[in-house]
Amino acid sequence: MNEDTFEEVFSLRLTLMNVFVVATIGAVLIIFVTTYIIAFTPLREYIPGYASTKLKKDATELALKSDSLANALNKNEAYIASIKKVLTGDLDYAKFSKDSITSSELVTVSEEDLKPSKADLKLREEVAREDKFNLFEKAKPKSGIVLFPPIKGMVTEKFNPKLKHYAIDVAVAKNTPIKSILSGTVIFADWTPTTGNVVIIRHNNGFISAYKHAASLTVSQGDKVRSGEVIALAGSTGQESTGIHLHFELWKDGYPIDPTIFIDFE
């Protein structure tokens, strides 16, 4: 009502239905606004029980980094363990042979199965004609890996796993150049009390070569070397040395193998 004239300006009649409709609409609006705030705005971070988006992102990144670090740590521990075995020689011997292939089962084949078929005979004739008139065919090597002799001399002590001598000793003149058997990376090049100056090189295909009792070293840890490159000079250093010679070890996938299988030292 107007205070001066007491004239009615606005009137509202309250009924049970009006109150119910207004209360229902208000409740729906409150629920909608609250849901929108929780779902689509950063204000939900201030509601108890809801974590920060940045905190969740950081936690996810830390979990991924910790998993990657754990994998890298396991690989480094396995790598260090294999290098430790090379230095100490304390592991089981696995015999490797480049020429022997042992079959797991003996299968009896009948004479009928050994007879060539017509298609096989035709293919053999075509191959024979091609080989007969192909004068420029190039021979391919049977082995994909050729190991360069690290040194030439007299083998004074052979590879003997029973006596835990996982290497061969080659007697040479003093300061004879010692060469790398394959291209690779120098993972150890330093002096040790028992074996003197030592060089360990990691090659491809799982090979690791070790050169011990050297008089001096010409490479450092981390250097890249090529096949046949001089890495040290022969000598007699270390407490276990019995004269001027090269103590050479060859490892494959963490196991020592006889170097004379692949290399001719004489």
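**Exercises on a predicted model**

Of the 266 residues of the protein, 25% count as buried; the coordinates examined here are those of a predicted model.

**Exercise 1.** Describe the order of secondary structure elements along the protein, starting from the N terminus.

*Solution.* Begin with the inventory, which comes to four helices and ten strands. Then place these elements in order: reading from the N terminus, the run is α-α-α-α-β-β-β-β-β-β-β-β-β-β.

**Exercise 2.** Locate Ser-180, decide whether Ser-180 is buried or exposed, and list what Ser-180 touches beyond four places in sequence.

*Solution.* First, Ser-180 is found in the loop that lies between β3 (177-179) and β4 (184-192). Second, the relative accessibility of Ser-180 is 0%, and because buried means under 20%, this residue counts as buried. Third, leaving aside residues up to four places away in sequence, Ser-180 touches Phe-148, Ile-201, His-203, Tyr-211, Val-225, Arg-226, Ser-227, Gly-228, Glu-229 and Ile-231. Finally, a polar atom of the Ser-180 side chain lies 2.5 Å from the backbone oxygen of Leu-182.

**Exercise 3.** Work out how strand β8 pairs with β3 and with β6, and name a residue pair for each.

*Solution.* Take β3 first: three bridges join this strand to β8 (residues 230-234), and the two run antiparallel, with Lys-179 standing opposite Val-230 in β8. Turn next to strand β6 (residues 207-217), which pairs with β8 in the antiparallel sense, likewise over three bridges; here Ser-216 has Leu-233 of β8 as its bridge partner.

**Exercise 4.** State what share of contacts between residues at least 6 apart in sequence joins residues at least 24 apart.

*Solution.* Among the contacts in the protein that meet the separation of at least 6, those joining residues at least 24 apart make up 62%.

Technical notes: Residues are numbered from 1 along each chain as its sequence is written. This is a predicted model: local features need pLDDT of at least 70, side-chain atom pairs count only at pLDDT 80 or more; totals for chains, interfaces and linings use all residues. Side-chain values use heavy atoms; hydrogens and water are left out. Buried means under 20% relative accessible area, exposed over 50%, partly exposed in between (1.4 Å probe, protein chains only). A polar contact is a pair of N or O atoms within 3.5 Å; within protein, one must be able to donate a hydrogen and the other to accept it, and residues adjacent in sequence count only if both atoms are side-chain atoms. Contact means heavy atoms within 4.5 Å. Two strands pair if DSSP finds at least two bridges between them.
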